[in-house]
Amino acid sequence: MSATGESSPAIAADLVLRGARELVTMSAPPAEGLGAIAGGALAAKDGVIVWVGREAELPQAVDLAPDGLDIDAEGRCVLPGFVDAHTHVPFAGSRAAEYGERLAGVSYGEILARGGGINVTVGATRQASEEELARLARLRYDSMLRYGTTTAEVKSGYGLTAADEAKQLRAAATAHPLRRELTFLGAHIVPPEYAGRADEYVGLVCDEMIPACAPLAHWCDVFCDEGAFTVAQARRVLLAGRAAGLGLRIHADELARSGGSMLAAELGCASADHLIHVTWEEIAAMKAAGVVAVMLPGTSYTLGVGFAPARAFLQAGLTIALASDFNPGSCNCENLQLMISLACQGMKLTPDEALYAATVGGAAALRRDDVGSLAVGKRCDFSVLVAESRTELPYHFGVNLVGDVVLGGRVVVHDGVVTHCAPAPEPVPPFARDAAVAAGGAA
Ligand SMILES: [Zn+2]
């Protein structure tokens, strides 16, 4: 069934995938067809891909261990696992009532003024135990897996004290197979108890929260926008994050043209996210600094505001990523398939551009070269769609087109049902990636 291998030494594997109508490797850009292989197959060992090619060549090339996993895609399309580079998973409480009020015409400003909005989430998250936050996070991680996300960035930002931010980050790191990159977002908003004293709060973020949270995170983020933090305040936070060994990312220019994208270029942030209000000058600066532009169309959809100018970013040669922004206020959705569809409709991306942004683009935003594509040496993370072609994803929208998910060479979703039973936690690695970015060596 596998290798004949009498003469040429075959590659040892403990997993093979065969029977794919198309294996979309993402090893080529959208203009070159995403490296899709008709009748493609792959093999992996110990969770890492060891061979990719045409199924016809598989028996000669690969020697599957007798107890290895032999997966038949049954004529369906296979994609790399999605890389969701922007989520706010560990929170408590629901803001469903507020959603209805906003649709009925009550402004977010009014809701916020009476203590609603994000304050509701901050209050509920502070009240929740670490165990409860971890339980909620695991449910959401399961949902992400079911929709084909295998790597996700996960932010804190609803604790807003050193202890509560650390609690959120520990909860986000709960044992679960989903690959995660954790981000400290203590500078999300100014909490109510610091109203009118934003600079003082920034001091707390830099002097107490970052020292407490840096050992628990990979990244430092800040919400630099109208009503949140100024460029000067954001710079202070990010420099303190960098000094503590964290990589840098930023929420920029979502609500207004706030200068966040220029700050991203100045500091060489790995990504600037949202970017609805940017000009060519800022796009050029981000391009020169190697900043990845993270697009969050689900937020534009929920808030009823414009979409980011993704085509302008592509025209300027920027790398774009497509992420969910999963959060309780402006985008309560962990489904990256829907974001791909929204990006096609709202940002005029082609289906292949959107798929590339949700895989290779997400990996670039997280400065990871081990996920987002299917090639030798990469993690064995892929989805088998319940569709023959990748173009079905944006076209057949609003439903889950992922049938099976393999993460690190293990089946974690089968026929739409989460099957993982043993977690595969990964330690927080020492952070060296942002140094390369600062030196101008960005992807
Ligand atoms: Zn966000």
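User: Let's start with Arg197. Over the face of which residue does Arg197 lie?

Analyst: For this kind of feature, you look at where the charged end of a side chain sits relative to a ring. This is a predicted model, and in it Arg197 lies over the face of Tyr194, at 4.7 Å from the ring centre. There's another case to look at: the charged end of Arg140 sits over the ring of Phe91, 3.8 Å from the ring centre.

User: Phe91 has a ring partner too, I gather. How do I read a pair of rings?

Analyst: A pair of aromatic rings is described by two things, the distance of the centres and the angle of the planes. The count here comes to 4 aromatic pairs. Take Phe91 and Tyr158: their centres are 6.2 Å apart and their planes make an angle of 70°, which is edge-to-face.

User: Where do Phe91 and Tyr158 lie in the chain?

Analyst: Phe91 is in the loop between β8 (82-84) and α2 (96-103), while Tyr158 is in the loop between β9 (149-155) and α6 (162-172). These parts are 67 residues apart in sequence, so the pair ties them together.

User: What about Tyr201 and Phe229, how are their rings arranged?

Analyst: That pair is stacked, with 6.3 Å centre to centre and 25° between the planes. Tyr201 sits in helix α7 (residues 198-213), and Phe229 in the loop between β11 (219-224) and α8 (231-243). The two are 28 residues apart, and the pair links distant parts of the chain. Tyr201 is buried, with a relative accessible area of 0%, and Phe229 is buried as well, at 2%.

User: Staying in helix α7, what does Glu208 look like?

Analyst: Glu208 also has its place in helix α7. With a relative accessible area of 48%, Glu208 is partly exposed. Leaving aside residues up to four places away in sequence, Glu208 touches Ala162 and Gly203.

User: Now cysteines. How many disulfides are there?

Analyst: A disulfide is a covalent bond between the sulfur atoms of two cysteines. To look for one, you check how far apart the sulfurs are. Searching the whole structure gives 0 disulfides. Cys213 is in none, and its nearest cysteine sulfur, that of Cys220, is 9.6 Å away. For Cys269, also in no disulfide, the nearest cysteine sulfur is again that of Cys220, 9.1 Å away.

User: Is the side of Cys213 and Cys269 buried or exposed?

Analyst: Cys213 is buried, with a relative accessible area of 0%. Cys269 is buried too, with a value of 0%.

How values were computed: Residues numbered from 1 in each chain as written. Predicted model: local features only at pLDDT ≥ 70, side-chain atom pairs only at ≥ 80, totals over all residues. Heavy atoms only, no water. Disulfide = S-S within 2.5 Å. Buried < 20%, exposed > 50% of the residue type's maximum accessible area, 1.4 Å probe, protein only. Phe/Tyr/Trp six-rings, centres within 6.5 Å; stacked < 30°, edge-to-face > 60°. Helix = DSSP H or I, 4+ residues; strand = E, 2+ residues; numbered from the N terminus. Lys NZ or Arg CZ within 6 Å of the ring centre and 35° of its normal. Contact = heavy atoms within 4.5 Å.
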